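This briefing covers helix packing, the ligand site and local backbone geometry. Please view the model below before reading on.

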Amino acid sequence: MTLSQTLEQIYQRLFEHYGPQHWWPAEDSFEVVVGAILTQSAAWINVESAINNLKSEDALNPVAMRQIPVDKLADLIRPSGYFNVKARKLKAFVNRLGDRYENSLDRMFAHDIPDLRDELLSIYGIGAETADSIILYAARKPIFVIDAYTHRIMKRLGLSSGKGDYAGLQPLFMENLPHDEKLFNEYHALFVWHGKVTCKKAPLCRMCCLSDICESFGRERED
Ligand code: SF4
């Protein structure tokens, strides 16, 4: 079986097992961007609480977020943790959006993927995973998001070294799957859910839909 076929088989198995994940849970693209920044080192339930605070203060739009004092913004997003740093990150994003794109995400997202990625990575507080989440889930362009769950699952399956190298793992998906935004959306969401409920730190291999093709589980059975 080729690597492309293996990746497609994994996707099909996860999709049939868990069903559609309906990502990203947000009302509009700006909310996706804010969520992508706030979810750094934070549980989603706490991000939701911070986003609800922003909504209740009518601060969940680029213009309002640009105008609100940074300490007030930090207070609103306090539930997401690291709130002072994250407030500065949000400010950096909306300032760039205002300075270069007239507060329009559509204008920013008009870049092609490589240029948009470079632009996002040049903003304070936006790393590879956040940039790619914004490109995939807010701009709706096909790029594969890599996260800790992806690394763990791919390592256990025997498809990556698991050294935590984002730039090393991303091409494996980009070069072996069709560049389909809906596929990448669902695939990443399924990896996250699989990593949360089955391929956990202590994995539940005997109830896993990938167990017969998993290198880690195969080794365990041999021992
Ligand atoms: S068999 Fe176990 S280790 Fe392998 S993917 Fe499934 S849960 Fe993870």
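In this predicted model, α10 and helix α11 (residues 166–174) pack at an angle of about 70°, with axes 11 Å apart. Axes are lines fitted to C-alpha atoms, for helices over the stretch in contact, and angles run from 0 to 180 degrees between N-to-C directions. Because angles of 65 to 115 degrees count as roughly perpendicular (under 35 is roughly parallel, over 145 roughly antiparallel, the rest oblique), α10 is roughly perpendicular to α11. Helices (H or I, at least four residues) and strands (E, at least two) are DSSP runs, numbered from the N terminus.

This is a predicted model in which local features need pLDDT of at least 70 and side-chain atom pairs count only at pLDDT 80 or more, while totals for chains, interfaces and linings use all residues. Residues are numbered from 1 along each chain as its sequence is written, and side-chain values use heavy atoms, with hydrogens and water left out.

- Thr150, His151 and Met154 of α10 are in contact (heavy atoms within 4.5 Å) with Tyr166, Leu169, Leu172 and Phe173 of α11.
- The residues of this α10 and α11 contact comprise 5 nonpolar, 2 polar and no charged, where Ala, Val, Leu, Ile, Met, Phe, Trp, Tyr, Cys and Pro count as nonpolar, Asp, Glu, Lys and Arg as charged, and the others, Gly among them, as polar.
- Helix α10 (residues 148–157) also packs against helix α12 (residues 181–197), at an angle of about 75° and with axes 9 Å apart.
- That angle makes α10 roughly perpendicular to α12.
- On the α10 side, Tyr149, Thr150, Arg152, Ile153 and Met154 meet His188, Phe191, Val192, His194, Gly195 and Lys196 of α12.
- The contact of α10 with α12 has 5 nonpolar, 4 polar and 2 charged residues.

**Ligand site**
- Around the ligand (a heavy atom within 4 Å) are Arg156, His194, Thr198, Cys199, Pro203, Cys205, Cys208, Ser211, Cys214 and Phe217.
- This shell has 6 nonpolar, 3 polar and 1 charged residues by class.

- His22 is found in the loop between α1 and α2, and its phi is near 55°, a positive value in a residue other than glycine.
- Trp24 is placed in the loop between α1 (3–18) and α2 (29–38).
- The peptide bond from Trp23 to Trp24 is cis, with omega near 0°.
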